[in-house]
Amino acid sequence: MLYTAVMNSKTKWYCWSAVAGLATYVLLAFEMNRELDCWAKKDYATMFFFPLGIAVLVSAAINLKVTPPKVKKYTKRMLLGMVAYILGIDLANHIHALPSPYKYLLVLLPILPLIYICFTIIGYITELDEMLRKIYMEAMAFSGIATGFTCFTYLFFRDMGAPEFRAEWAYYMMWAYFLIGKFFSCRRYK
């Protein structure tokens, strides 16, 4: 209690958003394990990363109050796109049982918000200063190339008996490689 008394209001806000994000993560992890039985299926990547993404969304939404105006604009757009993406996936999963000649068009429900998110990310990067833009572009290039080569190389490991490659692993690898690329790019330009 004494520690929170000496913090400024912005720091308190960040702390409460971190607590809300952590609570969201724990609740979603338990719910995913209950619904999908990830722990018994040894699907640890999904168990770790999916709730993490939603927890980051919750924390980002709470932090909108204290973010700079340019970041706030793009964060709102990202949150709108991610909510539309999640609703599109949920809607596509609940409608697919209906017999219809157009049922395969349901795949567009989550794809259209992802296209919007891509344009939002590109718009944000184009408004950055030249150095940050260069760092982000190098990190994204590294991420794309490294993810592609890793996915292709895994085919050889699969032929040697490794488990079947799951599509969501590529998404998780992409973000991990992006963070690695950003780290090295930031170090080079300091």
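This is a predicted model: local features need pLDDT of at least 70, side-chain atom pairs count only at pLDDT 80 or more; totals for chains, interfaces and linings use all residues.
Some bookkeeping: residues are numbered from 1 along each chain as its sequence is written. Local features need pLDDT of at least 70, side-chain atom pairs count only at pLDDT 80 or more, totals for chains, interfaces and linings use all residues, and side-chain values use heavy atoms, with hydrogens and water left out.

Let's start with helices α2 (residues 9-36) and α3 (residues 44-62); helices here are DSSP runs of H or I, at least four residues, numbered from the N terminus. Their axes come within 8 Å and cross at roughly 150°; axes are lines fitted to C-alpha atoms over the stretch in contact, with angles from 0 to 180 degrees between N-to-C directions. Contact means heavy atoms within 4.5 Å. Among the residues that meet are W13, Y25 and M32 in α2, and F48, F50 and I62 in α3. The contact divides into 16 nonpolar, six polar and no charged residues, where Ala, Val, Leu, Ile, Met, Phe, Trp, Tyr, Cys and Pro count as nonpolar, Asp, Glu, Lys and Arg as charged, and the others, Gly among them, as polar.

Next, α5 (residues 108-126). Which of its residues are buried? They are P110, P113, I117, T120, G123 and I125, buried being under 20% relative accessible area with a 1.4 Å probe, protein chains only. These buried residues pack against α4 (69-95) and α6.

Finally, α6 (residues 130-159) holds T147. T147 counts as buried because its relative accessibility is 9%. Leaving out residues up to four places away in sequence, T147 touches A170, M173, M174 and Y177.

Notes
Helices (H or I, at least four residues) and strands (E, at least two) are DSSP runs, numbered from the N terminus. Buried means under 20% relative accessible area, exposed over 50%, partly exposed in between (1.4 Å probe, protein chains only). The expected span of a helix is 1.5 Å times one less than its number of residues.
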